[in-house]
Amino acid sequence: MAKKPASATPVSPYQGLEDRAFWRAGVVEAGSYPPPDIYRPKYPIDKDLPIFTAGSCFAQHVGRTLAQAGYNVLDTEPLPAFVPADLAQKHGYRLYSARFGNIYTVRQFLQLLQEAFGKFHPADPIWEKDGMFYDAMRPGVTPGGLATAEYVREAREHHLRSIQEAVASTGMVVFTLGLTETWQHTPSGTIYPTAPGTIAGEIDPEVHSFVNFRAAEIRKDFLMVRKIFQAANPNVKFLLTVSPVPLTATASGAHVLPATTYSKSVLRTVAGELAEDFDDIDYFPSFEIVSSHPSAGKFFERNMRSVKPYGVRQVMKAFLTAHSGEAKKTPKEIRQLRRAARRQQAESETPATQDDLICEEELLDAFRK
């Protein structure tokens, strides 16, 4: 009796998958951390491609590293000659593609773009403190405020024109999702980057309310952001990351630890689904590299919140390695290349430190009793 031919069907659907699909091979025995091949870019990034950067304070690291690596990071609101270079970051310059400061939520990003193109008008846009005036949509970019409300309005108009210019030029948007929690002007839905009263203005429970966005809302908002950029460039690409920085404080009523887990889980879910659903949206796992348990917390400072310069370097090295083509090499080849690069690297390069970051959210800790 003739033997039946051996079946070509694998015993398990996991049979024959790459090492990166298995925890032991892909993480435990990977030989380095972050694991090689943790990220495969969905599309290449040409160094001439104009890149728009925005997001929470961790996004400052991303934009800075891309610029230092020779990528074409947009800056349509550059440092004026009358502003000393050592004050640039404190006044919102050289952080992002325009001087909008940190954008912690997607709704805030959407309203900013809508305002730039005349589709939205924020409520209560100018705050006052001690006789000085602040742009409520970016109160942190003018430490000490401006002398008159008219100066704030003039600066805002210039800022919105800079955003129009940036959007018109953009070939790729790099956005870091930071928070789900924020505060709004309840009647209008205007979202603020910081709660009224934190930097300037006054909180009014009759007018202002706490918001904790859900995944469906964030997804909808981002798809509207996408349409705005696509109207200027139908071929624009998007790269999403999630900030690994925990919440400084929560107004949700929950303990800050589960509140942080909730917030980051929602943002990671939205980013992952968008990357799966759309060919023009990619996701880079900076959150996982820094925050997941195989890192053993070694990328955080003693406060267990601020990311060490070493951690930032490891995150951005994984990104740049993937886009340089090294990810296609074997782990042994990558280790050899990295050792050679470390030997040749000039120690004169000063890495970004936490002190270099402008992060308004950290001001909330001052209100702890």
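Is Asp135 buried or exposed? Asp135 is buried, with a relative accessible area of 7%; here buried means under 20% relative accessible area, exposed over 50% and partly exposed in between, with a 1.4 Å probe and protein chains only.

## Basis of the model

This is a predicted model, in which local features need pLDDT of at least 70 and side-chain atom pairs count only at pLDDT 80 or more, whereas totals for chains, interfaces and linings use all residues. Residues are numbered from 1 along each chain as its sequence is written, and side-chain values use heavy atoms, with hydrogens and water left out.

## Overall organisation

The protein chain has 9 helices and 9 strands. These elements are DSSP runs numbered from the N terminus, helices being H or I with at least four residues and strands being E with at least two. Of the 369 residues in the chain, 49% count as buried. Among contacts with a separation of 6 or more, 71% are accounted for by residues 24 or more positions apart, where contact means heavy atoms within 4.5 Å.

## Salt bridges

Side chains of opposite charge can pair when their charged atoms come close. A salt bridge is defined as a side-chain nitrogen of Lys or Arg within 4 Å of a carboxyl oxygen of Asp or Glu, and the count comes to 13 salt bridges. Asp135 takes part in one with Arg156, at 3.0 Å from N to O. Arg156 lies in helix H4 (residues 149-169) and Asp135 in strand E3 (residues 132-135), so the pair ties together parts that are 21 residues apart in sequence. Arg156 is also buried, at 10% relative accessibility. Both residues belong to a network of salt bridges that links Glu77, Glu115, Asp135, Arg138 and Arg156.

A salt bridge also joins Arg219 and Asp277, whose closest N and O atoms are 3.0 Å apart. This pair links distant parts of the chain, with Arg219 in helix H5 (residues 215-232) and Asp277 in helix H6 (residues 256-277), 58 residues apart. Arg219 is partly exposed at 24% relative accessibility, and Asp277 is partly exposed at 45%. In the salt bridge between Arg40 and Asp37, the closest N and O atoms are 2.7 Å apart. Arg40 is partly exposed at 38% relative accessibility, while Asp37 is buried with a relative accessible area of 19%.

## Helix H6

The end C-alpha atoms of H6 are 31 Å apart, which agrees with the 32 Å that its 22 residues should span at 1.5 Å a residue; the expected span is 1.5 Å times one less than the number of residues. Buried residues of H6 include Ala259, Ser263, Val266, Leu267, Val270 and Leu274. An α-helix has 3.6 residues a turn, so residues three or four places apart point the same way.

The buried residues of H6 pack against H5 and helix H7 (286-291), and against strands E4 (172-177), E5 (181-185), E8 (237-242) and E9 (281-283).

## The E6-E5-E7 sheet

Three strands form an open sheet in the order E6-E5-E7, with antiparallel pairing; two strands pair if DSSP finds at least two bridges between them. The edge strands, E6 (190-192) and E7 (208-212), each pair on one side only. Neighbouring strands of this sheet are turned by 40° against each other on average, direction ignored. The axes are lines fitted to C-alpha atoms, for helices over the stretch in contact, and angles run from 0 to 180 degrees between N-to-C directions. Antiparallel strands E5 and E6 are joined by 3 bridges, and the bridge partner of Gln184 in E6 is Ile191.

## Nonpolar cores

A nonpolar core is a set of buried Ala, Val, Leu, Ile, Met, Phe, Trp, Tyr and Cys residues joined through side-chain atoms within 4.5 Å. The largest has 43 residues, and those that touch the most other members are Phe52, Phe100, Phe109, Ile163, Phe175, Phe229 and Leu240. Elements giving two or more residues to this core include strand E1 (51-55), helix H3 (106-116), H4 and H6. Leaving aside neighbours within four places in sequence, the contacts of Phe100 include Phe52, Leu112, Arg138 and Ile163. A second, separate core of 25 residues includes Ile51, Ile289, Val315 and Ala322.

## Ser295

Ser295 is found in the loop between H7 and helix H8 (309-324) and is buried, with a relative accessible area of 1%. Ser295 and Tyr33 are 262 residues apart in sequence and 7.6 Å apart in space, C-alpha to C-alpha. Beyond its neighbours within four places in sequence, Ser295 is in contact with Tyr33, Ile289 and Val290.
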